[in-house]
Amino acid sequence: MLRTHNLGEIDESLIGKKVKITGWIDVSREHGKVIFVDLRDRYGKVQCVIIQKNPDFEKVKKLTKESCILIEGDVNRRPKGSENKELKSGDVEIFINKVDILNNCPALPFELDEKNVNEDLRLKYRFLDLRRTDLQKNLMFRHKFIKAFRDYFDKENFIEVETPFLGKSTPEGARDYIVPSRVNAGKFYALPQSPQLYKQLLMVSGFDKYLQIARCMRDEDLRADRQPEFTQVDAEMSFVEEEDIYAVVENSLKYVFKEVLNINLKTPFKRIPYDESMKKYNSDKPDLRPETKEKYAFTWIVDFPMFEYSKEDKKIVAAHHPFCMPSDPSKLEKDPLKIRARTFDLVLNGTELLSGSIRIHDPEIQKRVFKVLGINEKEAEEKFGFLLRALSYGAPVHGGFAIGLDRLIQILTDSSSIREVIAFPKNQSAQDVMLSAPAEIDLKQLKEAHISVIEEKKKDEKKTEEGKIENKGKKEVKKKK
């Protein structure tokens, strides 16, 4: 290692010892024959001092903020009255013997402690933006939460299984991101909106407790709590009822809140039927903090409708997804819009944090649900034949849930957007401005993927084309008359 210690390890216990430390120049202050350099890494910050007699003095004098350097020096106690109680290293300083410049830094596009920086500028230089203390704290906090979730589920005998990214396009609500197949001309994969079907198949395979910190992709309009790519704590269990899932979710959250935040959550969480929530709060995501006087107000919303009517699509659609078990399957064909589903959401401070359900394990019930949704037998076989076959091979009763990890971390860090708790997010136009993605690809790649691109016509060209079509239609009508 180039360093003997990280900056979080520099304290009074090292007084009188020689150290090698590395990091970035946070602040440099020249006071006559002395230069003070505040060196920073993700562990902490340390004041370093170099005097004019040192042959590296002029070199340090020319260094810019955020240059990366290596310092060799002695750990000394700071002069009385100059201590900094806000730093762990605040009682000591490094007397510099030697400085190696690992890399200079040019003029910064923005100051790292600057407020109200244009977000696209921040995202363009995200590698610099991530040096900000608040973002580093957010990502370290996120890491601890993920680790705590994994620790809890491991203790409960869940097995973590990675499911594929390249799958099949299925009607699950949002638009799919699609990937062309080079070796299968004219065919496409879809990136997963969730591991929903794979985790149900794992239940059929006998893995009765599944977990995944799952990456999901949905091509939907963005807002403060949405991203094209997002992460969820994804779990599924066999031989369970709703009460079993409520208990696992509550106990897992209780565990991670205690481990990471040292907060004792009160369980069980309150439960509100969907109809009551809509009537009382005019929302299925009520914020109960004013009622409970608590900082974190969890509540279950239960007894959701199985189906709803989409005015846009002019048909019945699944309120959650088409794999939820109806509360009374015998009434499926009679009056589907009055049927309840064995589904549930967990709401935190007015934000939907989790969605889950008991799944359909009987292939005949699944076929009937598809029929209500207007999916005929042929289409069901084409899109979900694998699932129907799997369910017919002794599928167990099963259910599960997914916790929106990004939303949870956003709430707990009091961040304005989930972009503040994700290392490399997209902007509000679903663009990665740092990489300039999405981007055009060369003709060779398009040809290999058997794809041709249709250029979008300009507005004037579109109007002309639409006018031609309209005039053509009028002429045809006249001919018929």
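Trainee: Which residue follows α11 with a positive phi, and near what value is that phi?

Mentor: This is a predicted model, in which local features need pLDDT of at least 70, side-chain atom pairs count only at pLDDT 80 or more, and totals for chains, interfaces and linings use all residues. Residues are numbered from 1 along each chain as its sequence is written, and side-chain values use heavy atoms without hydrogens or water. Helices (DSSP H or I, at least four residues) and strands (E, at least two) are numbered from the N terminus. After α11 comes D414, with a positive phi near 55 degrees.

Trainee: Are α4 and α11 roughly parallel to each other, or oblique?

Mentor: Helix α4 (residues 133-155) and helix α11 (residues 405-412) have axes 11 Å apart, at an angle of about 125 degrees; axes are fitted to C-alpha atoms over the stretch in contact, with angles from 0 to 180 degrees. Angles under 35 degrees count as roughly parallel, over 145 as roughly antiparallel, 65 to 115 as roughly perpendicular and the rest as oblique. The relation of α4 to α11 is therefore oblique.

Trainee: How many nonpolar residues does the contact of α4 with α11 have?

Mentor: From α4, N138, F141, R142, F145, I146 and F149 meet L405, D406, L408, I409 and L412 of α11, contact being heavy atoms within 4.5 Å. In this contact, 1 residue is polar and 2 are charged, while the number of nonpolar residues is 8.

Trainee: At what angle do α9 and α10 pack?

Mentor: The buried residues of α9 (residues 363-372) are P363, I365, Q366, V369, F370 and V372, and their cover includes β13 (307-310), β14 (315-318) and α10 (377-391). The axes of α9 and α10 lie 9 Å apart, and the packing angle is about 160 degrees.

Trainee: Which residue caps the N-terminal end of α9?

Mentor: The capping residue places a side-chain oxygen 2.8 Å from the backbone nitrogen of E364. Just after α9, G374 has a positive phi of about 80 degrees. The cap at the N-terminal end is D362.

Trainee: Which residue's side chain makes a polar contact with the side chain of S67?

Mentor: S67 sits in the loop between α1 (57-61) and β4 (68-77), and it counts as buried because its relative accessibility is 0%. A polar atom of its side chain is 3.0 Å from the backbone nitrogen of C105. Beyond four places in sequence, its contacts include G23, W24, I25 and N103. The side-chain partner in a polar contact (N or O atoms within 3.5 Å, one able to donate a hydrogen and the other to accept it), at 3.0 Å, is T64.

Trainee: What distance separates the C-alpha atoms of S238 and G400?

Mentor: S238 belongs to strand β10 (residues 229-238) and is buried, because its relative accessible area is 7%. Outside four places in sequence, it contacts M203, D208, P396, V397 and H398. S238 and G400 are 162 residues apart along the chain, and their C-alpha atoms are separated by 8.6 Å.

Note on methods:
Nonpolar A, V, L, I, M, F, W, Y, C, P; charged D, E, K, R; others polar. Buried < 20%, exposed > 50% of the residue type's maximum accessible area, 1.4 Å probe, protein only.
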